Every structure is written in structure tokens, then in C-alpha cells.
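Student: I have a structure open and some questions about it. Can we go through them one by one?
Tutor: Go ahead.

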Amino acid sequence: FYPSISQDLLNALQFASRFTTITEEKNIIHHARKSLLFGLEKQWVKKGNGLFDVTMGCFDGAELCELVEAFALTRLSEEFNGRDIGLYRDDGLAVFRNVSGHEADRIRKDMTRIFNDLGLKITIQTNLKTVDFLDVTLNLTTGKYYPYRKPNDQPLYIHSQSNHPPTIIQNLPASMSRRLTDISHDNDIFDDAAPLYNKALGRSGYDKSVCVCVCVC
């Protein structure tokens, strides 16, 4: 939601100053939002007034998103008395137990209002027993969870012959094994998901396959 971060919303810096000291960094962050774009020997101007923009790929874009997320989560926590609510970039997940359909709809409207007050738009689905969040599907009915990928979305990894640091290349299959293990409820679910990731590793030049990681404490 980078482009949706407005100058007013960036006042979340004031919120952050309650927890840490922000002095000259505040001016630097605001100054870095002045965005200019030139192409085809022309100057391109963003719709609206001013040069303020949080551009995709900007150096501090992820940090600004996390700042806004923390600000929004604080507002939600204050409204809903510390309920289980999480945000990651433009995806969110909340758990409300033992609420009726009418109460769920009221919660949806209250959340929508909070985001609208921040200048953000949000789509909320309620009364879900199964939900896809990031790369995992969560089933509240069975208590199981398993890997999720969007339709036609194929995993793609850096090639084994690329010029990335050797440690990254060497550890990639093990890293994928750990992640796949973490989001698989049991070995059967892991085994069902593994072929897709093994094929992707093979296409990228790796001769190793993903395997279940066992943590010994």
C-alpha cells in the first residue's frame, strides 16, 4: 500500500516518537518523500498537488509501511481491547471468538471506519472458518494449516549458478525446508506440497530436495 501512504498518514512519526527519540531523522524521512520522475525527455507529475510520494522500491519503503502498520495496529488495539489482530503490509488477520453474525458485521464496519480515518481503504471478510494468509492456509474447524500459493503462482528461486553470496545459495534448500515444515501441520501435508517446491529447485539448478525439519530441544 505504498502509494496510499499520505503526508497526513506519515504523522505516524509523531506516534512513534512516544516510544523512541526521533529528531533529525524526521526531517530526513519527510525530505526523502519528494519524488521526481523524468522520462522520454519529459517531466512526469503525479496526480494531485506536491511532490510527496512513497514510491515502490524506495530505500525506506518497507520501514515506512511497518511504521504505518504499527500505528494502525495501535488504533485497532485501542478500539478492540487488545484482540488478536495482525498486519503484514497490505494483508491482515484478526480472530474474534464467540461473536454472532451481527456482531461480526459491526466489527467489520468499525474496522473500516478506523482505516478510512487514516486515509486507507480496506476490504474485510468476516465469519471465515478457513483463511489464506500470506503463504499459509489456516483452518479453524480442523485446527490444521498447510502451504498456500495463489492460483498459477509458481515458486521461483535464485539460480544455483548466480553471483549471490555462496552461503545464501548453499542454504536455500534448507531454508525452504524449514519454511515448508513450519507451515505444514503434519508430514502428509508436507509430502503433498513438496513436489511443487522440488521442481522449482530443480529448475534453478539445485540437486537437493526439501525435507521435513525436526527440531530437537
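Student: Is Asp153 buried, partly exposed or exposed?
Tutor: This is a predicted model. In it, Asp153 has a relative accessibility of 33%, so Asp153 counts as partly exposed.

Student: Which side chain does Asp153 meet in a salt bridge?
Tutor: That of Arg149, at 3.3 Å from N to O. Arg149 is partly exposed too, at 29% relative accessibility.

Student: How many salt bridges does the structure hold?
Tutor: It holds 10. One of them joins Glu69 and Arg89, whose closest N and O atoms are 3.9 Å apart.

Student: Which parts does that pair tie together?
Tutor: Glu69 lies in helix H3 and Arg89 in the loop between strands E3 and E4, so the pair ties together parts that are 20 residues apart in sequence. Glu69 is buried, with a relative accessible area of 8%, whereas Arg89 is partly exposed at 22%.

Student: Which residues are linked in a network of salt bridges?
Tutor: Glu79, Arg106, Asp110 and Arg113. Within it, the side chains of Arg113 and Glu79 meet at 3.2 Å, N to O. That pair links helix H4, where Arg113 sits, to helix H3, where Glu79 sits, 34 residues apart.

Student: And Asp110, buried or exposed?
Tutor: Asp110 is buried, because its relative accessible area is 16% and buried means under 20%. Asp110 is found in helix H4, residues 101-117. Leaving aside neighbours within four places in sequence, Asp110 is in contact with Glu79 and Phe80.

Student: New topic, helix H6. Where does H6 bend?
Tutor: At Ala194, by about 40°, and a proline, Pro195, follows within four residues. H6 covers residues 187-203 and reaches 24 Å from its first C-alpha to its last, close to the 24 Å expected.

Student: What do the buried residues of H6 pack against?
Tutor: Strand E7 and helix H5. The buried residues of H6 include Ile189, Phe190 and Tyr197.

Student: Which residues does Ser177 contact?
Tutor: Phe190, Ser209, Val210, Cys211 and Cys213, leaving aside neighbours within four places in sequence. Ser177 is found in helix H5 and counts as buried at 2% relative accessibility. The C-alpha atoms of Ser177 and Phe190 are separated by 9.5 Å, and the two residues are 13 residues apart along the chain.

Student: Last one: which residues make the nonpolar surface patch of about 330 Å²?
Tutor: Leu36, Phe38 and Leu51. Phe38 is in strand E1, residues 37-39, and is exposed, with a relative accessible area of 58%.

Notes
Residues numbered from 1 in each chain as written. Predicted model: local features only at pLDDT ≥ 70, side-chain atom pairs only at ≥ 80, totals over all residues. Heavy atoms only, no water. Patch = residues over 30% accessible without salt bridge, like charges linked within 9 Å, V, L, I, M, F, W, Y side chains within 5 Å. Areas by Shrake-Rupley, 256 points an atom, 1.4 Å probe, with all protein chains shown as cover. Salt bridge = Lys/Arg side-chain N within 4 Å of Asp/Glu carboxyl O. Helix = DSSP H or I, 4+ residues; strand = E, 2+ residues; numbered from the N terminus. Buried < 20%, exposed > 50% of the residue type's maximum accessible area, 1.4 Å probe, protein only. Expected span 1.5 Å × (residues − 1). Bend = angle between axes of the 7 residues up to and from the residue. Contact = heavy atoms within 4.5 Å.
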